[in-house]
Amino acid sequence: MQQHPQAKIHRMFELVEPIATVTFSEMANEAFLALGMRNYWDGYFAGRAAPLGPAPAAVVHAVFYNFADGEVARHIPWVWGKITPQEAVAVRERGSTAALRQRIGELADSPGLVRAADLATRAAVSAPVEGRPLYAGLRALDVPEEPVARLWHAATLLREHRGDGHNAALLAHGIGGTEAHVLMAVSLGMRAEEFGRIHHLPKARLTAVVDGLRGRGLVDAAGGFTDAGRETKQRIEALTDELAAPAYDVLSADELDELAAGLEPIAAAVWAFDN
């Protein structure tokens with residue numbers, strides 16, 4: 001098995017992330033709204049949780065890890081009264097593929113994309129599934145044949161494989177889901193109540209989480225990182241990269257470089273469209 005430098009594994013994350021996350025764009029969301037979803041988050045949970053089947057809210061909450069208590073239950077299982085998990089898989093793939101094609105223009109029909117999709121798929125279906133519930137659910141799905149859809153699917157597999165590992169790294173360091181968002185906000189120089197994924201939570205709840213991190217010596221009185229907090233965040237990110245690496249072992253060093261080169265213009269086009 002080829003062992004790749006950790007910096008290259010992290011670079012793959014940076015390239016895969018914008019491609020996979022077209023799933024959460026307005027175009028993909030509209031496909032769910034058209035089928036009776038009440039809002040964005042109904043479509044989010046239906047699409048992302050669909051590979052788990054009709055799992056109860058408690059299971060989805062555990063797998064997704066970083067949502068506040070009760071958030072998942074506002075959508076699961078309600079969405080399964082409107083759409084089946086199998087239908088949600090198809091809707092998500094169709095909407096995400098259309099969103100990706102919209103963002104990358106003529107690159108969608110290029111030989112480079114086909115090659116990138118092939119290499120990414122080889123990596124995406126080769127990683128171990130043990131301890132990776134969301135990745136395992138995605139692995140059980142059919143791989144699309146159309147190149148743009150196949151690239152999005154591979155990027156999603158790689159993203160969720162890494163995400164399952166990230167959750168394990170957080171757990172190993174005693175960092176809960178809301179705490180993880182607070183640490184992300186701090187790393188971006190933001191206050192917790194300004195960070196998009198948690199700004200809606202009750203102020204008392206966020207204050208308690210920040211106070212808990214401060215009590216553990218991870219956050220200082222001004223709401224920034226202590227040295228220990230910064231080191232903990234760095235260890236979590238390094239372990240996340242380390243746990244993501246096995247997905248790429250199937251590729252040679254030259255193939256990994258070729259994949260990175262192939263994804264760069266695609267990821268850049270997505271980023272430019274969304275920014």
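Trainee: Which residues of α12 are buried?

Mentor: Keep in mind that this is a predicted model. As a general idea, an α-helix has 3.6 residues a turn, so residues three or four places apart point the same way. In this structure the buried residues of α12 are E255, L256, L259, A260, G262, L263, I266, A267, A269 and V270, and they pack against α1, α5, α6 and α8.

Trainee: What is the largest nonpolar core, and which element gives the largest share of it?

Mentor: In soluble globular proteins, nonpolar side chains tend to be buried together. Here the largest nonpolar core has 41 residues, and M12, L100, I104, L151, Y248, L259 and L263 have the most contacts inside it. The largest share, 8 residues, comes from α12. Looking at M12, and leaving aside residues up to four places away in sequence, we find that M12 touches Y248, L256, L259, A260 and L263. A second, separate core of 22 residues includes Y65, A68, I198 and F225.

Trainee: Where does α12 bend?

Mentor: The bend, of about 30°, is at L263, and a proline, P265, follows within four residues. The 22 residues of α12 should span 32 Å at 1.5 Å a residue, and the end C-alpha atoms of α12 are 31 Å apart, which agrees.

Trainee: What is there to read in the backbone of the loop between α4 and α5?

Mentor: Most residues other than glycine have a negative phi, and most peptide bonds are trans. In this loop, Y65 has a positive phi, near 75°, and Y65 is buried, with a relative accessible area of 18%. P77 lies in this loop as well, and a cis peptide bond joins I76 and P77, with omega about 10°.

Definitions and conventions. Residues are numbered from 1 along each chain as its sequence is written. This is a predicted model: local features need pLDDT of at least 70, side-chain atom pairs count only at pLDDT 80 or more; totals for chains, interfaces and linings use all residues. Side-chain values use heavy atoms; hydrogens and water are left out. A nonpolar core is a set of buried Ala, Val, Leu, Ile, Met, Phe, Trp, Tyr and Cys residues joined through side-chain atoms within 4.5 Å. Buried means under 20% relative accessible area, exposed over 50%, partly exposed in between (1.4 Å probe, protein chains only). Helices (H or I, at least four residues) and strands (E, at least two) are DSSP runs, numbered from the N terminus. Contact means heavy atoms within 4.5 Å. The expected span of a helix is 1.5 Å times one less than its number of residues. The bend at a residue is the angle between axes fitted to the seven residues ending there and the seven starting there.
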